[in-house]
Amino acid sequence: MTTPKSPSELQAEDKPGLRGPAIFLAQFMSAEAPFDTLANIASWAASQGYKAIQLPTLGSQFIDLARAAESQEYCDELTSICATAGVQISELSTHLQGQLVAVHPAFDALFDPFAPEHLRGQPQARTAWAVQQLKLAARASRRLGLTAHATFSGALLWPYVYPWPQRPAGLVEQGFEELAARWRPILDCFEEEGVDLCFEIHPGEDLHDGASFERFLEAVDHHPRAAILYDPSHLLLQQMDYLGFIDRYHERIRMFHVKDAEFRPDARSGVYGGYQGWVERPGRFRSLGDGQIDFKSIFSKLTQYDFDGWAVLEWECCLKDAAQGAAQGAAFIDAHMIDKTRKAFDDFAGVAADADFNRRLLGLPDA
């Protein structure tokens with residue numbers, strides 16, 4: 001029988017660089033085993049071949065965020081539960097709480113269920129609660145030994161994403177000023193805790209592409225903790241250059257969701273989807289390997305730029321069952337992992353050299 005690895009042993013294996021596979025648990029949570037408790041779902045994830053789990057924090061099914069922010073003993077208990085199962089925690093997620101930091105009134109009713117029941121119908125109190133949730137997550141992440149955190153930016157400007165009717169002058173600038181004012185104290189809290197705050201670049205959020213992230217970055221004075229959760233599926237569905245995105249923003253990319261997608265425009269609809277369901281839309285999320293995304297190039301680029309973080313499966317697919325997608329996902333990620341070389345491939349043909357030798361090769365006189 002294999003002895004479970006201790007938290008310290010798992011931590012020792014957590015070498016810098018691209019690591020994986022890990023899995024985001026939001027799409028798998030339920031009231032039924034093995035998806036009902038942290039111990040059960042951690043054991044399930046390990047049985048599927050995953051080495052780490054990314055934990056959603058809304059509610060207390062897997063983690064009590066307030067308790068984790070204050071109690072090191074509790075955080076050590078969570079780490080131990082995961083280690084016994086054979087996984088570690090890669091990151092925490094406050095996607096749904098982050099959404100509530102900035103909500104346009106048009107979406108109040110739809111986003112209200114993300115907040116505790118006693119705060120529904122009270123937008124200002126809901127926002128204050130969401131801000132506090134993010135700050136708790138910063139402290140909890142530090143206690144758990146984590147260095148990055150996943151969230152959404154929320155949106156004040158999304159109803160105006162397409163400029164018709166014409167947007168009045170200054171609207172976008174004021175929107176980003178307000179967004180920055182709400183997030184700056186949160187970013188400062190993450191700075192105090194030594195944790196990167198990674199915004200998933202995602203349609204429906206004010207930070208939905210590179211240009212909007214740059215606006216935000218400028219508005220928060222290039223805050224060192226303002227970072228990117230890179231998910232190529234959301235870029236493909238906007239018809240962006242998702243490989244060039246890595247070249248441009250690699251210094252700010254500090255988290256990675258491995259999610260596939262495909263875009264099949266036709267004579268009826270394109271990027272906007274024609275209000276159709278996910279199966280009928282030209283742009284669809286798919287299980288890993290079933291879409292169009294070039295993951296070999298993505299893993300190569302992230303390795304080239306010394307990305308230090310987890311490759312985290314986020315399963316979303318309009319066709320394939322979640323259990324099948326999860327079962328196939330670990331092997332898919334494993335097959336794309338790269339152990340970065342520490343020597344040049346042509347070192348075997350190298351020659352010893354010094355400055356004088358190089359001068360002779362250049363036809364220069366001795367120094």
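**Figure 1. Pairing of β2 with β3 in the predicted model.** Strand β2 (residues 52–56) and strand β3 (residues 88–94) are joined in the parallel sense by five bridges. The structure shown here and in the following views is a predicted model. Within this pairing, Leu55 has Leu92 of β3 as its bridge partner. Strands β2 and β3 belong to a barrel closed by eight strands in the order β1-β2-β3-β4-β5-β6-β7-β10, with parallel pairing. On average, neighbouring strands of this sheet are turned by 35° against each other, direction ignored.

**Figure 2. Strand β6 and its pairing with β5.** Strand β5 (residues 196–200) and β6 run parallel and are joined by four bridges. Cys198 has Ala227 in β6 as its bridge partner. Strand β6 (residues 226–230) is mostly covered, five of its five residues being buried. The cover extends to both faces of β6: Ala226, Ile228 and Tyr230 are buried on one side, and Ala227 and Leu229 are buried on the other.

Figure 3. Helix α11 lies across β6 and β7 (253–258) and runs at about 155° to β6. Helix α11 (residues 242–249) also packs with α12, at an angle of about 5° and with the axes 10 Å apart. Helix α11 is therefore roughly parallel to α12, since angles under 35 degrees count as such. The contact brings Tyr242, Leu243, Ile246 and Asp247 of α11 together with Ser297, Ile298, Lys301 and Leu302 of α12. By class, the residues of this contact between α11 and α12 comprise five nonpolar, one polar and two charged.

**Figure 4. Packing of α7 with α8.** The axes of α7 and helix α8 (residues 171–193) are 8 Å apart and form an angle of about 15°. Because of this angle, α7 and α8 are roughly parallel to each other. Their crossing is right-handed. From α7, the contact is made by Thr127, Val131, Leu134, Lys135, Ala137, Ala138, Arg139 and Arg142. From α8, Arg182, Trp183, Pro185, Ile186, Cys189, Phe190 and Glu193 take part. The residues of the contact of α7 with α8 divide into nine nonpolar, one polar and five charged.

Figure 5. Asp112 is located in the loop between α6 (108–111) and α7 (123–143). With a relative accessible area of 14%, Asp112 is buried, because buried means under 20%. When its neighbours within four places in sequence are left aside, Asp112 is in contact with Arg120, Gly121 and Arg126.

Figure 6. The peptide bond from Gly20 to Pro21 is cis, with omega near 0°. Pro21 is part of strand β1 (residues 18–24). The peptide bond from Ala33 to Pro34 is also cis, with omega near 5°. Pro34 is placed in the loop between β1 and α2 (38–47).

Figure 7. Strands β8 and β9 pair in the antiparallel sense through four bridges. Phe263 has Gly283 in β9 as its bridge partner. Asp260 and Glu262 point one way from β8, Ala261 and Phe263 point the other way, and all are buried. Tyr275 is placed in the loop between β8 (260–263) and β9 (283–286). Although Tyr275 is not a glycine, its phi is positive, at about 60°. Tyr275 is exposed, with a relative accessible area of 87%.

**Figure 8. Backbone of Asp306.** Asp306 lies in the loop that runs between α12 (295–304) and β10 (309–313). Asp306 has a positive phi of about 60° and is not a glycine. Asp306 counts as exposed because its relative accessibility is 51%, where exposed means over 50%. Strand β10, at the end of this loop, is one of the eight strands that close into the barrel.

Notes. Residues numbered from 1 in each chain as written. Predicted model: local features only at pLDDT ≥ 70, side-chain atom pairs only at ≥ 80, totals over all residues. Heavy atoms only, no water. Helix = DSSP H or I, 4+ residues; strand = E, 2+ residues; numbered from the N terminus. Buried < 20%, exposed > 50% of the residue type's maximum accessible area, 1.4 Å probe, protein only. Contact = heavy atoms within 4.5 Å. Axes fitted to C-alpha atoms, helices over the stretch in contact; angles between N-to-C directions. Parallel < 35°, antiparallel > 145°, perpendicular 65-115°, else oblique. Left-handed = near helix turned anticlockwise from the far one by under 90°. Nonpolar A, V, L, I, M, F, W, Y, C, P; charged D, E, K, R; others polar. Pairing = 2+ DSSP bridges.
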